2 protein chains.
Amino acid sequence: MDSSMESAKMAKPPPKDMSHHFSDVTLARLPSKMKEYYKYFLIPGIGQLAGGLPNPQFFPYDTLEAQTAKPERWTPTPNRPGADSLLASQLASTSLSSPPPLKKSSDPRAAPEHVVVPHDGEGSDPLKKVDLTTALQYGLAAGYPALLSFVRQFVRENLHPNVPYEGGPEVVMTVGSTDGMSKSLELFTNIWVEGKNPVSERQGLLSEVFMYANVLSQALPRGLNVAPVEMDGEGMMAQGPGGLEDVLANWDESKGKRPHLMYTVTMGHNPTSGVLSLQRRKEIYAVCSKYDVIIIEDDPYWYLQYPSAELNEAKARGLPIPEFKEANTLGNKSGYPFLDSLVPSFLNVDTDGRVVRLDTFSKTVAPGCRLGWITTTPEIAEKILRISETGNQQPSGFVQALVAQTIMGTQQTEGNATMSRFAALRSSREKAAFNGWKVDGWVRWLAGLRGEYERRMNRMCSILEENAYQLKQSTPVRKSDADWGVITKTQLYEFDWPRGGMFLWMRMRFEQHPLWQVPGSKGLPINGTALTTALMILLTHKPFLVLVSPGLMFSTTPQIADERGWAYYRLCFAAESDENIDKCSHRLVQGIHRFFRIKKVKELEDLLNEANAMSEEDLNTRDGLANMGTYMGC
Amino acid sequence: MDSSMESAKMAKPPPKDMSHHFSDVTLARLPSKMKEYYKYFLIPGIGQLAGGLPNPQFFPYDTLEAQTAKPERWTPTPNRPGADSLLASQLASTSLSSPPPLKKSSDPRAAPEHVVVPHDGEGSDPLKKVDLTTALQYGLAAGYPALLSFVRQFVRENLHPNVPYEGGPEVVMTVGSTDGMSKSLELFTNIWVEGKNPVSERQGLLSEVFMYANVLSQALPRGLNVAPVEMDGEGMMAQGPGGLEDVLANWDESKGKRPHLMYTVTMGHNPTSGVLSLQRRKEIYAVCSKYDVIIIEDDPYWYLQYPSAELNEAKARGLPIPEFKEANTLGNKSGYPFLDSLVPSFLNVDTDGRVVRLDTFSKTVAPGCRLGWITTTPEIAEKILRISETGNQQPSGFVQALVAQTIMGTQQTEGNATMSRFAALRSSREKAAFNGWKVDGWVRWLAGLRGEYERRMNRMCSILEENAYQLKQSTPVRKSDADWGVITKTQLYEFDWPRGGMFLWMRMRFEQHPLWQVPGSKGLPINGTALTTALMILLTHKPFLVLVSPGLMFSTTPQIADERGWAYYRLCFAAESDENIDKCSHRLVQGIHRFFRIKKVKELEDLLNEANAMSEEDLNTRDGLANMGTYMGC
């Protein structure tokens, strides 16, 4: 680094003090009592009669091991798709009758690596050592040192190399992003109870008009005023009617305080699939800075950005091929073309230090990890730590050790290190353990996953695209007019090809339905909520048998659900297997076509009655509960 | 079961409604929105486009595996020790110069079992199936079905077979007991802010005069009034001055509401080591029932009850050998002599349904599990679930799967089941995987651990016992009086041999110290707080080099710390190895003896200055942090 770069780095301003945003409970927290005694723990050779620890000799596990994928298991897609790319040609072959062949010719689970976490590690560097004596003992709330140091370096050097404040961001591990959000709410918001606390004390939470419903379940019991902001294909809008500036500038104080907190998903939005551009981020950030709003950015799908979506959408619709635009034009590069091709996080424009970013291993490794991290300023990270210490303490050492060992590999033994008592017993299999994915392998793994999900997205979209229209044959006026009468083409639904994430957001054109606004048996006109419920039920019938998530579930307020939430469905193209994506997509469009041919009020109302009457008996059996468990997630 | 037993079971009253104890936030919680859609998930063959799940094919782990101890690895101690027992004879040989030989003649880690969690399980029963497709996917907040069903059955049939309310208790998994306590506080308490909320709304938390400090760190930032209750050797006192009834009957409402919540450790109390008898439990429960108090019972050390302690203490002190008393005289038996020999939980006298019991795998498997459970009424368990769903969701699937597989083994394959695609690839090693500890093995493992810790307890106590007195030689008045003058014997400390847990609670007789109440350099008399701090520092010096936890840390209020907390140290006999227990105990008593020979105020004040001046520089290095991590726990 030359001296001018050095001085440029030195010139970064520190993050601003954000403590005026902290909740009453956060402000009342004192440092852990135990912390005062830490200094004594560091005395070499000290006999530990102080801490209440079990002896690691008594852990029943002598090793943890795993068969692990090579990073190259899955096939990436191009960062910059062109007209002649494999993807485009693959897409062209996609048709209803013959989906493209699956890419993987041989068993992808052949030749996995064998990962071993030993009971007692041999290296001397705690930031590289992974063993059960440390990983299964009480540990730091910030995370297992080896894993934390990997994540911290990856975040600072590769993922967010443009953070504009002095010293850069800190990292704290979480038990997944729901945990990260729960801690963020505890950190930044006070509980407000109607009839007990004055309205003037009620705090707010800004989010998009459609949002991840679990965050509502977190925010509403705390009495937060959830304030919806309008969105477009990218995500949240900064300006315009209902946009962020409009909401904040015209805030009605009689409803409570102007919100000081925002929750937003910006890369593959849940449920709407948009990816927020760098330009839009700058606009939103400027408004947040002006009105002093903390931004909680929750991006489980950050690495699932699909550059082919815009291109393939245009081709499928016969529109002009759009020009390719770089998503990230900031100065510092990650060292990896894949990472550099993705839009950057709000962290990279966070001059004030008001961004709290939630990350998770749920979508890159597995949801069952319950492992993620928060990236933010040191001041805010320290407060998150205090919450962790008195809550879930730390993510499980089982997953931290296995993920660390998978990514980092075994620390090299010093040439003349004495082998531990048990090291000599280890099998040759264990000694041959592979040496970790490292950053290269980790990035390659992510690029491979992006490839798999991007191809699924394209398969689903092409099937939906081909079946968006219903052809109707009008009855010939006279026999001689034509053999088939006049054919009219009605578009049943519309959607954007997802620019990121795991979801397709489909707007059903219920206003085209024959029974739209027709009086029902009780005399009231049949509305969108009735139609969306009836269609959802019909889709669960044979032969359609597909389950979709209604837009009602993601509507930020009941008003939004009533006004337009009923028009949408969220389709997940991630959960099912490749083969089933095609089958489910076909069954879905067949069900929709069937639904738009319903002309009798009775048939529709039978479906609605079924929705109300469907027994919850199954829910009361433990078997039923066990089966349902796997579908909770999001 | 005969019909009279049947009708006796039927006659149990249901638990009482406890919803008036719930917090504002708990009362504001609605069932998860997702739950309304669960019924559709159960439709056979349904295509899943609804839930936001990644595809399990993309989890990088093809198996999780572990080398695991056999349940017989450690040697139990008798449930009913006699005068001629191995333990007593072993104790007799304990002396300063030659500790008894370690029990384990061969390497205990030889011949471990190999546990394998496959990617796709073959059985059909979700309550027995353990595989990565389910364990690493999103799951139920109550816990992984296989593990939950094991724990639930163990709790209801073996651990607490006498729960007196209809239907028995429910179980919800937690991320360890700190998480369990955090959720309990959220469930039962409102946040109170001084100067913002009226004092009349301030809620309280009852606990012993000495308590686990981390719970203070959880309760105080919520504004709870922590109310200390007097204790004796067993634990909390029900009656008498400062006892529970006294505190509640004479509650001063001007300090806030009379507490409706109690936190108590009852089996190997932290820090005082007592075990609460069944009789005392009944007395405390009656008071709680009278004043409508919820009991949170936190017992990480429940299986570490030491029947030899009373016996060996009496023998070491030349007192009459006490008569052996059964700890559990309730009607229903567990099926295991070891379990039946332990005092029963408050759950077994909980006629009202006001007990919330916290359990953890931290001390039976490893703290790094971050895995535990709550046992309570279905009504309260359901509210805990709602908190989990919007918080950490579930314990990590990595640890749930490995613990489940270790205990439960592999589900038997049906004779004619079709093997899954990847099952055929599995190695013979995997097929030979052992078939689980089962309940028998689990109980045997716990009994073995109890044996190990009980022997350590006895080793430490016998060393402390032999060195509790300082011999002082008075100067002979005349040469001819005697060769050695008059010898006086001063007792430097006192303690009970721990009846349970991991700690020894030692009262230092600082009032015997030569500098007790002597004026210091600033003219103020040297008090207990100064002496306890100075001794703690001296003990960290060579050649003593032991770290103890001062009683100041565990004093429930600052007033208790001032009045008597300074007199105590908590010694943990669990963390160090067998050999080090002896060495550390010897170094400890040598340090104490040295300390009581300090006669110069200057020497004492140098130690105090060191306590204040000791640099925290090490704390600012990441290496330092990494090293400290392992000592956080309790």
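Is A:Glu603 buried, exposed or partly exposed? A:Glu603 is partly exposed, with a relative accessible area of 27%; here buried means under 20% relative accessible area, exposed means over 50%, and partly exposed is what lies in between (1.4 Å probe, protein chains only). Before we go on, a word on ground rules. This is a predicted model, where local features need pLDDT of at least 70 and side-chain atom pairs count only at pLDDT 80 or more, while totals for chains, interfaces and linings use all residues. Residues are numbered from 1 along each chain as its sequence is written, chains are lettered from A and ligands numbered from 1 in the order in which they are written, and side-chain values use heavy atoms, with hydrogens and water left out.

Back to A:Glu603. Its side chain meets that of A:Arg594 in a salt bridge, at 2.5 Å from N to O. A salt bridge, in this text, is a side-chain nitrogen of Lys or Arg within 4 Å of a carboxyl oxygen of Asp or Glu. A:Arg594 is partly exposed too, with a relative accessible area of 30%.

Now step back to chain A as a whole. It has 21 helices and 17 strands; both are DSSP runs numbered from the N terminus, with helices (H or I) at least four residues long and strands (E) at least two. Of the 634 residues in chain A, 62% are buried. Contact means heavy atoms within 4.5 Å, and among the contacts in chain A with a separation of 6 or more, 75% are between residues 24 or more positions apart.

Next, look at where the two chains meet. Here 157 residues of chain B are in contact with 155 residues of chain A. The area buried between them is about 14,200 Å², and carbon and sulfur atoms give 63% of that; buried area is the accessible area (1.4 Å probe) that two parts lose on being put together, summed over both. Four salt bridges cross this interface. A:Asp62 and B:Arg73 also make a salt bridge through their side chains, at 2.7 Å from N to O. On the side of chain B that touches chain A, there are 84 nonpolar, 43 polar and 30 charged residues. For that tally, Ala, Val, Leu, Ile, Met, Phe, Trp, Tyr, Cys and Pro count as nonpolar, Asp, Glu, Lys and Arg as charged, and the others, Gly among them, as polar.

Strands take part in this meeting as well. Strand β1 (residues 47–48) of chain A runs parallel to strand β15 (residues 546–547) of chain B, and two bridges join them; two strands pair if DSSP finds at least two bridges between them. The bridge partner of A:Gln48 in β15(B) is B:Leu547. B:Leu545 sits in the loop between α17 (528–539) and β15 of chain B. It is buried, with a relative accessible area of 13%. Leaving out residues up to four places away in sequence, B:Leu545 touches residues including A:Ile43, A:Pro44 and B:Arg587. The C-alpha atoms of B:Leu545 and B:Cys584 are 7.9 Å apart, although 39 residues separate the two along the chain.

Staying in chain B, find strand β3 (residues 113–118). Six of its six residues are buried, so the strand is largely enclosed by the rest of the structure. B:Glu113, B:Val115 and B:Val117 point one way, while B:His114, B:Val116 and B:Pro118 point the other way. In a regular strand the side chains alternate between the two faces of the sheet. Strand β2 (residues 61–68) of chain B runs antiparallel to β3(B), joined to it by six bridges, and B:Gln67 stands opposite B:His114.

B:Arg386 and B:Glu382 form a salt bridge, with their closest N and O atoms 2.2 Å apart. Both lie in helix α13 (residues 378–389), four residues apart, about one turn of the helix. B:Arg386 is buried at 6% relative accessible area, whereas B:Glu382 is partly exposed at 30%. The other pair is B:Asp582 and B:Arg459, whose side chains meet in a salt bridge at 2.6 Å, N to O. B:Asp582 lies in helix α19 (residues 578–595) and B:Arg459 in helix α16 (residues 438–466), so the pair ties together parts of chain B that are 123 residues apart in sequence. Over all chains, the count comes to 62 salt bridges.
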